[in-house]
Amino acid sequence: MKQSRLFTKTRKEAPADEVSKNAQLLIRAGYVHKEMAGVYSYLSLGIRVLEKIEKIVREEMNSIGGQEIRMATLHPSEPWKQTGAWDSVDVVFKILSRTEKEYTVGQSEEEIVTPIVQEYALSYKDLPLAVYQIGQKYRDELRAKSGIMRGREFSMKDMYSFHESQEDFDLFYNRAKEAYFRVYERCGLVAKATEASGGSFTKKLSYEFMVLTDAGEDDILYCDTCSYCANVEITKENEGDACTRCDGSGKLMRAKASEVGNIFDLGTKYTNDFNFTYKDKEGNEKYPIMGCFGIGITRLMGVSVEAFSDEKGIVWPESIAPFRIHLVELSGGDTELKDEADGLYNTLKEAGVEVLYDDRDVRAGEKFNDSDLLGLPHRIVVSKKTKEEGKFEVVERKTGEVAFLTEEELYQKFLNRNE
Ligand code: ATP
Ligand code: MG
C-alpha cells in the first residue's frame with residue numbers, strides 16, 4: 001500500500017473528550033474515528049488489525065470444532081422476554097419502531113442461537129455442537145471512558161456449545177480454555193484465567209481471561225509463582241496473602257487488568273427457557289447443557305495498544321500489525337533513489353510481504369514521526385546515505401535497534417521466513 005494513497009492521515013490531536021490512551025493513539029494515527037463516547041468507526045488501517053485478530057480467533061475456534069455462522073443483530077423482543085433478559089439485563093438497548101413494535105440489538109446472542117440450534121439438533125447424534133460468530137454487539141454501558149476497550153458498539157467473538165452430558169461439556173470447556181490461551185499468546189499478550197462465579201444466570205464456575213494493564217477496569221489478585229488468579233470482587237483473599245494453590249511459596253499480588261474473554265457454563269438455563277430437548281440414546285427427551293464463550297475483539301485491539309506503545313506511538317506485535325514493514329523513502333526529488341525504493345516496494349509486495357510504502361513528498365522528520373506513531377514492526381529506510389553505502393537501513397520499532405543490510409540480507413530477513 002502506498003501511503004500517498006492511504007485513505008487516512010495522521011493527526012496532531014485526538015478529540016478533547018478522549019481520555020484513554022488507546023483511542024488517543026488510534027485516532028491520531030488514523031486507525032479509528034470517534035463517533036461519540038463508546039462508538040468508533042474502524043478505518044482502513046484499523047480494519048487490517050481487526051482482521052488479523054479475527055483470523056487468529058477463527059483458526060483457534062475452528063481447531064476445537066467451532067463452526068462459523070452469522071446471526072442477525074436486530075432482534076425481536078419476544079425471545080428476550082422469554083428468557084427474562086429484557087427486564088433483568090440492564091445493558092439491553094430497547095428500540096420502538098414506528099408501528100410500536102419492540103426490538104433490541106444483540107448484546108449477546110443466547111436468545112437467537114438457542115432457537116436456531118433447536119431446529120437442527122434433534123437427537124443425541126447431532127451433539128455436541130459449537131457455533132460461533134464474529135460481529136458487532138451493542139450495550140447500553142453507563143461508562144464509556146476506556147476508548148475501544150469499552151464500547152457501546154463493539155466487536156465480539158461469541159461461541160455457543162451444546163452437549164449431552166456434563167462430562168462432555170467439561171471436556172469441551174477445557175479445550176476451549178486452552179484455545180483461548182493460544183489466541184492471546186498469538187496476539188502477543190499474556191493472559192491469566194481467573195475463576196469467577198458465573199454471574200446472574202448460573203452458579204456454576206466460569207473463567208475470565210485477564211491481561212494485566214493499568215488501563216483495565218478490573219482488579220485482580222494473582223500469584224507471583226503459580227498461575228492462580230482471582231477477581232478482587234469475588235474472592236475473600238487479600239493482597240500479600242500466601243497463595244493456597246501452589247506449594248505456599250507464592251504471594252498474592254494486586255493489579256489492574258482488562259477482561260479480554262470469558263467462558264461460562266450456562267447449564268440448561270436457555271434450553272429450559274426455550275423448551276429445547278433432544279432424544280437421547282434411550283429415546284428420552286433431555287435438555288442439552290449449554291456453554292458460551294466470548295472474546296472481545298475490539299477490546300483486544302485496545303489492550304494491545306495500551307500494552308504496546310511508547311511516548312512516540314504504537315508498537316504493534318508482528319502478529320497483529322496492519323503491515324509488517326514500513327518502507328520509507330527519503331529521495332528528496334532524486335529520481336534514481338525513488339526508482340530504487342519503488343523497485344524494493346514492488347519486490348516485497350510481489351513476494352507477499354505486507355508493506356506500507358511512505359512515498360509521500362514530505363520532510364524526513366514528518367515521515368519518521370508518522371512511522372513511529374503508526375507503529376509497524378520494521379522500518380526500512382532508503383536514503384542518499386544508505387545508497388552511498390550500498391545498504392538499506394532497517395530500524396526495529398520495538399527496540400530502536402538499527403542495522404544496515406545489503407539487498408540480499410534484506411531479502412533473507414523478510415522473504416525467507418517460514419511462518
Ligand atoms: P465486562 O465485565 O468488561 O463488562 P462482560 O462480563 O460484560 O465484560 P461478556 O458479556 O462476557 O463480558 O462479553 C465477552 C467479552 O466481550 C468480554 O470478556 C470482553 O472482552 C468483551 N466486552 C464486553 N463488554 C464490552 C464492551 N462494552 N466493549 C468492548 N468489549 C467488551
Ligand atoms: Mg459488561
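Tutor: Start with helix 2 and helix 6, which are roughly antiparallel to each other. Keep in mind that this is a predicted model.

Student: Why are helix 2 and helix 6 called roughly antiparallel?

Tutor: Helix 2 (residues 44–63) and helix 6 (residues 166–186) pack at an angle of about 160°, with axes 9 Å apart. An angle over 145 degrees counts as roughly antiparallel, so the term applies to helix 2 and helix 6. Their crossing is right-handed.

Student: Which residues make the contact between helix 2 and helix 6?

Tutor: Helix 2 contributes I56, V57, E59, E60, M61 and S63, while helix 6 contributes R175, A179, Y180, R182, V183 and R186. By class, the contact of helix 2 with helix 6 has 6 nonpolar, 1 polar and 5 charged residues.

Student: What makes helix 2 roughly perpendicular to helix 8?

Tutor: The axes of helix 2 and helix 8 (residues 297–307) cross at roughly 115° and come within 10 Å. The range for roughly perpendicular is 65 to 115 degrees, and helix 2 is therefore placed in that class relative to helix 8. This crossing of helix 2 and helix 8 is right-handed.

Student: Which residues of helix 2 and helix 8 are in contact?

Tutor: On helix 2 they are G46, V49, L50, I53, E54 and V57; on helix 8 they are I297, T298, L300 and M301. The contact of helix 2 with helix 8 has 7 nonpolar, 2 polar and 1 charged residues. V57 of helix 2 is listed in the contact with helix 6 and also in the contact with helix 8.

Student: How do you know that helix 9 is roughly parallel to helix 12?

Tutor: Helix 9 (residues 335–350) and helix 12 (residues 407–415) have axes that cross at roughly 30° and come within 11 Å. Angles under 35 degrees count as roughly parallel, so helix 9 is roughly parallel to helix 12. The crossing of helix 9 and helix 12 is right-handed.

Student: Which residues meet there, in helix 9 and helix 12?

Tutor: L344, T347 and L348 of helix 9 meet L410, Y411, F414 and L415 of helix 12. The contact of helix 9 with helix 12 divides into 6 nonpolar, 1 polar and no charged residues.

Student: Now the ligand. How many residues surround ligand 1, and which are the closest?

Tutor: Ligand 1 is surrounded by 13 residues, and the closest are R139, E141, G151, E259 and N262.

Student: What makes the pair between E259 and ligand 1 a polar contact?

Tutor: A polar contact needs a pair of N or O atoms within 3.5 Å. A polar side-chain atom of E259 lies 2.6 Å from an oxygen atom of ligand 1, so the pair meets the cut-off. The side chain of N262 has an N or O atom 2.6 Å from an oxygen atom of ligand 1. For G261, a polar backbone atom is 3.2 Å from an oxygen atom of ligand 1.

Student: What makes the peptide bond between L127 and P128 cis?

Tutor: Omega is about 0° for the bond that joins L127 and P128. P128 is in the loop between helix 5 (110–120) and strand 7 (129–138).

Key. Residues numbered from 1 in each chain as written. Chains lettered and ligands numbered in written order. Predicted model: local features only at pLDDT ≥ 70, side-chain atom pairs only at ≥ 80, totals over all residues. Heavy atoms only, no water. Axes fitted to C-alpha atoms, helices over the stretch in contact; angles between N-to-C directions. Helix = DSSP H or I, 4+ residues; strand = E, 2+ residues; numbered from the N terminus. Left-handed = near helix turned anticlockwise from the far one by under 90°. Contact = heavy atoms within 4.5 Å. Nonpolar A, V, L, I, M, F, W, Y, C, P; charged D, E, K, R; others polar. Near = heavy atom within 4 Å. Polar contact = N/O pair within 3.5 Å; in protein donor to acceptor, adjacent residues only side chain to side chain.
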